[in-house]
Amino acid sequence: MDQSTIIVFALGAVLIVAASSVLLLGRNAARTSNEENEKDKAQEGTATKASRQVVEGSAESAQVVTLEKVDEDMIGISRRKFMNRSLYAIIGVGFALPFASSLLAFLIPSGKGGFGGLVNVTTSLDDIISQIESTKQPYYIPEARAYIVQFPKDNGAAVEAANATHDYTKNPKIIEGMVDTGIVALYQKCPHLGCRVPWCDTSQWFECPCHGSKFNRVGEKTGGPAPRGMDRFPFDVAGGKLVINTNLSSVVAGPPIGTDTTRQGAEGPLCV
Ligand code: FES
């Protein structure tokens, strides 16, 4: 389970707790209000009875004094109701505000640093490429949750196949990254059910341990239940360094099943 899934579950839990609390408060408020109404009625009844007795005594001055007492009680009750309702409103806002701000912080990408925004990779692109070539492994960037892999931009057939793949050419940054810069930034998350897809040294493929989906070096699907190839991030190169856009609204869906630009078969035993 990756971090974004955990955050969604946590927010869901907070929402449930907040909703339960508001429901409880609402029920208590309703109960209190009913009790107060009953008290009001009882007091009104007592006051009416007292007034009637005074009127029956036909003392005009006494009648005035009694009516004034009833008004004071009513003012007291209204003030108590107002205080109770204000208290409930403050508690409700107290619950809602932290939840709303957390939700907004989660949904609105920060736009700088870290996953969800622009990730400035500190290692130069040249160093990344030489590391990929010397280790025969993708270059992993944890803060971008991305694998940097090489696309064989000097292989005419591969470039031609990439240029003939609609899902690549309709995303200019992806196709330029492949055929001009010679790299692809793959999202680590499996497009099947979201597990992190590790690299297999022996097959030189990505192989998902959860349900066995497999992808070639550039993330095109070669087997398993995944509905497409691995998703990719658009990127720019500034001053010889990568700037990867990990805003989830910018993620480009992986290529459809059957896409095979590199013709790379498994280069050894599978890991999964
Ligand atoms: S999550 Fe990767 S194959 Fe199911």
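**Questions on the structure**

User: Is Thr259 buried or exposed?
Analyst: Thr259 has a relative accessible area of 11%. The cut-offs are under 20% for buried, over 50% for exposed and in between for partly exposed, with a 1.4 Å probe and protein chains only. Thr259 is therefore buried.

User: What are the ground rules for the model and the numbering?
Analyst: This is a predicted model: local features need pLDDT of at least 70, side-chain atom pairs count only at pLDDT 80 or more, and totals for chains, interfaces and linings use all residues. Residues are numbered from 1 along each chain as its sequence is written, and side-chain values use heavy atoms, with hydrogens and water left out.

User: Which backbone oxygen does the side chain of Thr259 reach?
Analyst: Thr259 sits in the segment after β10. Helices (H or I, at least four residues) and strands (E, at least two) are DSSP runs, numbered from the N terminus. A polar contact is a pair of N or O atoms within 3.5 Å; within protein, one must be able to donate a hydrogen and the other to accept it, and residues adjacent in sequence count only if both atoms are side-chain atoms. At 2.7 Å, the side chain of Thr259 reaches the backbone oxygen of Pro256.

User: Which residues does Thr259 touch, not counting residues up to four places away in sequence?
Analyst: Contact means heavy atoms within 4.5 Å. With residues up to four places away in sequence not counted, Thr259 touches Thr165, Tyr168, Glu220 and Lys221.

User: Which backbone nitrogen lies 2.7 Å from a polar side-chain atom of Gln264?
Analyst: Gln264 is also found in the segment after β10. Its relative accessible area is 9%, so Gln264 is buried. Leaving out residues up to four places away in sequence, Gln264 touches Ser203, Gln204, Trp205, Asn216 and Arg217. The backbone nitrogen at 2.7 Å from the Gln264 side chain belongs to Arg217.

User: How far apart are the C-alpha atoms of Gln264 and Gln204?
Analyst: Gln264 and Gln204 are 60 residues apart along the chain. Gln204 is among the residues that Gln264 touches. The separation of their C-alpha atoms is 9.0 Å.

User: How many disulfides does the structure hold?
Analyst: A disulfide is counted when a pair of cysteine sulfur atoms lies within 2.5 Å. One joins Cys195 to Cys210, S to S 1.9 Å. Cys200 and Cys271 form another, with sulfur atoms 2.0 Å apart. The number of disulfides is two.

User: What is the handedness of the Cys200 and Cys271 disulfide?
Analyst: Cys200 lies in strand β5 and Cys271 in the segment after β10, 71 residues apart. Cys200 is buried, at 1% relative accessibility. The torsion about the S-S bond is about 80 degrees, so the link of Cys200 and Cys271 is right-handed.

User: And what is the handedness of the link of Cys195 and Cys210?
Analyst: Cys210 is partly exposed, at 36% relative accessible area. The angle about the S-S bond of Cys195 and Cys210 is -105 degrees. This link is left-handed.

User: What pattern do the disulfides follow?
Analyst: Cys195 pairs with Cys210, and Cys200 with Cys271. Counting bonded cysteines along the chain, the pattern is 1-3, 2-4.

User: Which strands are at the edges of the sheet?
Analyst: Two strands pair if DSSP finds at least two bridges between them. Four strands form an open, antiparallel sheet in the order β5-β6-β7-β8. Cys200 stands opposite Trp205 in β6. Pairing on one side only, the edge strands are β5 and β8 (221-223).

User: Why do the buried residues of α4 count as lying on the same side?
Analyst: Ala158, Val159 and Ala162 are buried in helix α4 (residues 156-163). The arc is that of the directions from the helix axis to the C-beta atoms. These residues lie on the same side of α4 because they cover an arc of only 100 degrees.

User: Which residue caps the N-terminal end of α4?
Analyst: The buried residues of α4 pack against α5 (166-169) and α6 (172-181). On the other side of α4, Ala157 and Glu160 are exposed. At the N-terminal end, a side-chain oxygen lies 3.0 Å from the backbone nitrogen of Ala157, and the capping residue is Asn155.
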